Amino acid sequence: MENREGLDAAAVRIDDPWYDALASGWGEGDGTGAPAAVVPGPAQPSRDRRSASDIYLEVQRSAAFQEVRGRYRRFVVPAVLAFLTWYLAYVVAATTAPGLMSRPVAGAVNVAMIAGLGQFLTTFGLTWAYVRHARLHRDRAALDLRWDTQELTRGAVER
């Protein structure tokens, strides 16, 4: 991790649950080129162990997961509908109103060129808005869910 703006290494907090994956022995070699044996954690009584699929279904049904999915849908559905409407309006206008689309705006630039460039600008703007929305409204909750799921599945039984 880089040392930014004078922060020392002790002040930097790592929130990524996969950050310490190599510290657990996963993915490391044993020095001979072969993967190292993974040391299992403490054994849990069999009655307390759940399968990974049961844990994932439980997480999927949780209120936190439903909130993340709801935030995603509340942004994506209107954005996709608005963009598709704008795109279809451009295509329909280009095919049914060639007189309008060929009307000059400035020199050799016509309405069709402006609308076509608007399609590109809309794509970039929508991408920026999606990334911003995800960062502000979903990433922290999704990271918390991922962390909780990793902790729950650490001792899960494979079926």
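## Aromatic pairing

A search of the whole structure, which is a predicted model, finds 1 aromatic pair. The rings of Phe-75 and Tyr-130 have centres 6.0 Å apart and planes at 50°, so the pair counts as tilted. Rings of Phe, Tyr and Trp (its six-membered ring) pair if their centres lie within 6.5 Å; planes under 30 degrees apart are stacked, over 60 edge-to-face, and the rest tilted.

The pair joins distant parts of the chain, with Phe-75 in helix α2 and Tyr-130 in helix α4, 55 residues apart. Helices are DSSP runs (H or I, at least four residues) numbered from the N terminus. Phe-75 is buried at 17% relative accessible area, whereas Tyr-130 is partly exposed at 32%. Buried means under 20%, exposed over 50%, and partly exposed in between (1.4 Å probe, protein chains only).

## Helix α2

Helix α2 covers residues 63-96, 34 residues in number, and reaches 48 Å from its first C-alpha to its last, close to the expected 50 Å. The expected span is 1.5 Å times one less than the number of residues.

Besides Phe-75, the buried residues of α2 include Val-68, Val-76 and Ala-79. The buried residues of this helix pack against α3, α4 and α5.

## Val-111

Val-111 belongs to helix α4 and is partly exposed, at 25% relative accessibility. Leaving aside neighbours within four places in sequence, Val-111 is in contact (heavy atoms within 4.5 Å) with Leu-100, Met-101, Arg-103 and Val-105. The C-alpha atoms of Val-111 and Leu-100 are separated by 7.1 Å.

## Basis of the values

Residues are numbered from 1 along each chain as its sequence is written, and side-chain values use heavy atoms, with hydrogens and water left out. In this predicted model, local features need pLDDT of at least 70 and side-chain atom pairs count only at pLDDT 80 or more, while totals for chains, interfaces and linings use all residues.

Definitions and conventions. Helices (H or I, at least four residues) and strands (E, at least two) are DSSP runs, numbered from the N terminus.
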